[in-house]
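Subject: Model handover

Hello,

Please find the model we discussed below. My notes follow it, so that you can read them with the structure open.

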Number of protein chains: 2
Amino acid sequence: MTSESTPTGASRSAISLSPMEVPKASDVLANELRERILSGDYVEGTPLPPERELVVQTRMSRTTVREALRILEVQGLVRIKAGRAGGAFVTTPGGESVADSIALLIRGRQIRLSSLHQTREALEPFCARLAATNRTAHDLQVLDEANEAIATKGTLEEFLQANVDWHVGVAAAGHNEILYGMMIGLSKAIYTLTNNEGFVDDEVRSIALKAHRSVTDAIRKQDGDAAVRRMERHVHGYAEAAARADDRTSISLDQDA
Amino acid sequence: MTSESTPTGASRSAISLSPMEVPKASDVLANELRERILSGDYVEGTPLPPERELVVQTRMSRTTVREALRILEVQGLVRIKAGRAGGAFVTTPGGESVADSIALLIRGRQIRLSSLHQTREALEPFCARLAATNRTAHDLQVLDEANEAIATKGTLEEFLQANVDWHVGVAAAGHNEILYGMMIGLSKAIYTLTNNEGFVDDEVRSIALKAHRSVTDAIRKQDGDAAVRRMERHVHGYAEAAARADDRTSISLDQDA
DNA sequence: ATGGTAACTTAGGTCAGACCGTTAGACCAT
DNA sequence: ATGGTCTAACGGTCTGACCTAAGTTACCAT
């Protein structure tokens, strides 16, 4: 039966299916919970039922329930506490998860430092313009404090931290959460990558401080165009200095070899 | 023994400890594996040992091992296949994880569409400039194909997909993986959010098509400045149109209420 | 009354062992 | 060649137990 001829020869039947996905139980639970959380029905801090309660409700095993919760935890949707009155609490995802994934992307793909600086050149001037428009008094205070920390000659780590604080502060002053998350990720990556390079000397520090102050000034005066211009110069200059230092490193490495 | 006087009264001993963190076993394993993967020792596709083998090696339970693997899977560092010859395979994290976290950020924080478009205004002109510099023949082909797909009057979904393809194509032509990853995230988010809004009519389509062609042209001619200028106009115009549509929606919603 | 502490309770964290479902590969029958 | 069958090697799920962290409560000594 059904022994028809196959005209084209390629396939005997006209029907064809694409690869199908069979979701895992833990994914199903995770998706369900994620949708409920993202729908906004639960306020930040709302506790999910205890694991054993979820087991009863879903009729899944505790293993499965726990994997689902773990997924949500990694995605930054819940925070899990142990002990009595512990459990999974709803969290509003912040910039950290974006930052983490960007950091993974950068490390995992062995991305060149130049790409990082290039990306900063795209984001930071724009952030500066937003900051000039939207900055609050508190934002300005954060920027000033970061600059003061830079002025205080400290260790390399302290300088780098203060540097990051200022740049992230500019992004925060722009009050755009997406850009803010992106800048956190970039900064974190640049911080770790620059920690090894040794091109940060006193000159670099004082140049950075001067640049930061001039940008901060423009932001304070709500002069968007000036903020963009100065930030562009600063970031571009920093990128070129880093590139030159990188060249030197490569060269001396070559000489070593 | 050691019953000294305690002058300050605050503490009997000089040793003092800060709050300590007791990491979970699964996190320890996950961190260890993540470091090994990110160090680049394993090529894409390298299989990790089977779960039961990891149990033997680490002397942890299978539950713990599985949770660690699940963490890495969510972070996009491994891909887990079931069945014989299955297991966890090393994956180079791509833009998808960035895209996912951005999408979560946007949905979770109820971020306004305007923030999204604002972010595009920061990224896309810069991507266009990079594209003008770095585009290959293949990149241009992708852009042309996306434009053709837009020219073909299709369903709303087809239009949106082609639209996304073109914008992502520009980012790809810039050959900066970070910006590329960010654009994928933004595009995915914008895609889903625009799917509901009903402001895409024939006029919007033809305007977008024209703008895309002019930007593509500048990229083809490697005219960076023109690419930036035209992309700025396009994105800004689109953002304003979307904002107007959003206003209309809000107003009609108010009238409904 | 006050302060400490022991016991209890509720929650997540870990473990051991079993069984199920899926898949690749080998082998055989048609 | 096509399709069936068996087997081994995987991850996926389940059960049930115990450990550990952290609030609550009751009790006891001062």
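The notes below take the protein interface and then one of the DNA strands.

Please keep in mind that this is a predicted model.

Chains A and B

The contact between the two chains involves 47 residues of chain B and 46 residues of chain A. Together the chains bury about 4,300 Å², and 63% of that area lies on carbon and sulfur atoms. On the chain B side, Arg70(B), Leu104(B) and Ile178(B) account for 15% of the area buried against chain A, more than any other three residues.

There are ten salt bridges across this interface. One pairs the side chains of Glu35(A) and Arg107(B), with an N to O distance of 3.3 Å.

As for which parts of chain B face chain A, five helices each supply at least two residues: α1 (25-38), α3 (62-74), α4 (95-108), α5 (113-134) and α8 (177-194). The biggest contributor is α4(B), with ten residues. Sorted by class, the side of chain B that touches chain A holds 20 nonpolar, 15 polar and twelve charged residues.

DNA strand D

Around DNA strand D there are 24 residues, of which Ala25(A), Thr64(A), Arg84(A), Arg52(B) and Arg62(B) come nearest.

A side-chain N or O atom of Arg84(A) is 2.8 Å from one base nitrogen of DNA strand D, and a polar side-chain atom of Arg52(B) is 2.9 Å from a base nitrogen of DNA strand D. With Glu51(B) the contact is made by the backbone: one of its polar backbone atoms is 3.2 Å from a phosphate oxygen of DNA strand D.

Both chains contribute elements with two or more residues at the surface near DNA strand D: α1 (25-38) and α3 (62-74) from chain A, and α2 (51-58), α3 and β1 (78-81) from chain B. Of these, α3(A) gives the most, with three residues. By class, this surface has six nonpolar, seven polar and eleven charged residues.

Regards

Conventions: Residues numbered from 1 in each chain as written. Chains lettered and ligands numbered in written order. Predicted model: local features only at pLDDT ≥ 70, side-chain atom pairs only at ≥ 80, totals over all residues. Heavy atoms only, no water. Contact = heavy atoms within 4.5 Å. Buried area = accessible area lost by both parts, 1.4 Å probe. Salt bridge = Lys/Arg side-chain N within 4 Å of Asp/Glu carboxyl O. Helix = DSSP H or I, 4+ residues; strand = E, 2+ residues; numbered from the N terminus. Nonpolar A, V, L, I, M, F, W, Y, C, P; charged D, E, K, R; others polar. Near = heavy atom within 4 Å. Polar contact = N/O pair within 3.5 Å; in protein donor to acceptor, adjacent residues only side chain to side chain.
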